[in-house]
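Please read the numbered points beside the sequence and the model.

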Amino acid sequence: YREVIKNPIDFDTIHKKNKRGEYLDNPEFKLYSDIKLMLSNFLEFNLSNPKPHRKGSILKILYDILFQ
């Protein structure tokens with residue numbers, strides 16, 4: 001995974017950052033950016049796996065629509 005993904009992040013990391021207060025200043029941008037990075041990493045890692053890639057693409061599109 002780390003050979004493919006250069007900036008890894010997951011829900012656990014996002015949760016820990018939130019508990020440490022890292023999203024308190026400018027939460028809309030920082031949290032949005034981390035979640036978008038997580039979704040992009042998922043898509044990049046699953047390029048050769050069509051079913052998860054398709055579902056991840058849909059989730060990313062929905063996230064972008066809901067939180068822009």
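**Notes on the fold and its contacts**

1. Among contacts in the protein chain (heavy atoms within 4.5 Å) between residues at least 6 apart in sequence, 50% join residues at least 24 apart. The model is a predicted one, in which local features need pLDDT of at least 70 and side-chain atom pairs count only at pLDDT 80 or more, while totals for chains, interfaces and linings use all residues. Residues are numbered from 1 along each chain as its sequence is written, and side-chain values use heavy atoms, with hydrogens and water left out.

2. The protein chain has 3 helices and 0 strands, and from the N terminus on its elements run α-α-α. Helices (H or I, at least four residues) and strands (E, at least two) are DSSP runs, numbered from the N terminus. The C-alpha atoms fill a box of roughly 35 × 30 × 15 Å, taken along the principal axes.

3. Of the 68 residues in the protein chain, 25% count as buried. Buried means under 20% relative accessible area, exposed over 50%, and partly exposed in between (1.4 Å probe, protein chains only). The accessible surface of the protein chain comes to about 5300 Å², and 61% of that belongs to carbon and sulfur atoms. Accessible areas come from the Shrake-Rupley method with a 1.4 Å probe; for residues, only the protein chains shown count as cover.

4. Helix α2 has 19 residues and reaches 27 Å from its first C-alpha to its last, close to the 27 Å expected at 1.5 Å a residue. The expected span is 1.5 Å times one less than the number of residues. Which residues of α2 are buried? They are Tyr-32, Asp-34, Ile-35, Met-38, Leu-39, Asn-41 and Leu-43. What covers them includes α1 (11-19) and α3.

5. Asn-41 belongs to helix α2, which spans residues 27-45. Why does Asn-41 count as buried? Its relative accessibility is 5%. Not counting residues up to four places away in sequence, Asn-41 touches Tyr-1, Ile-5, Asn-7, Pro-8 and Ile-9.

6. The structure holds 6 salt bridges, a salt bridge being a side-chain nitrogen of Lys or Arg within 4 Å of a carboxyl oxygen of Asp or Glu. In one of them, Lys-17 pairs with Asp-34, the closest N and O atoms being 2.7 Å apart. This pair links distant parts of the chain, with Lys-17 in helix α1 and Asp-34 in helix α2, 17 residues apart. In general, side chains of opposite charge can pair when their charged atoms come close.

7. Both partners of that pair are buried. Lys-17 counts as buried because its relative accessibility is 18%, and Asp-34 because its relative accessible area is 11%. Leaving aside neighbours within four places in sequence, Lys-17 is in contact with Ile-9, Glu-22, Tyr-23 and Asp-34.

8. Lys-36, Lys-60 and Asp-64 are linked in a network of salt bridges.

9. The side chains of Asp-25 and Lys-30 meet in a salt bridge as well (3.0 Å, N to O). Asp-25 counts as partly exposed at 47% relative accessibility, and Lys-30 is partly exposed with a relative accessible area of 31%.

10. Ile-58, Ile-61, Leu-62, Ile-65, Leu-66 and Phe-67 form a nonpolar patch on the surface, with about 650 Å² of accessible area together. Patches are made of residues with over 30% relative accessible area and no salt bridge: like charges are joined within 9 Å, and nonpolar side chains (Val, Leu, Ile, Met, Phe, Trp, Tyr) within 5 Å. Ile-58 is found in helix α3, residues 50-66, and counts as partly exposed at 47% relative accessibility.
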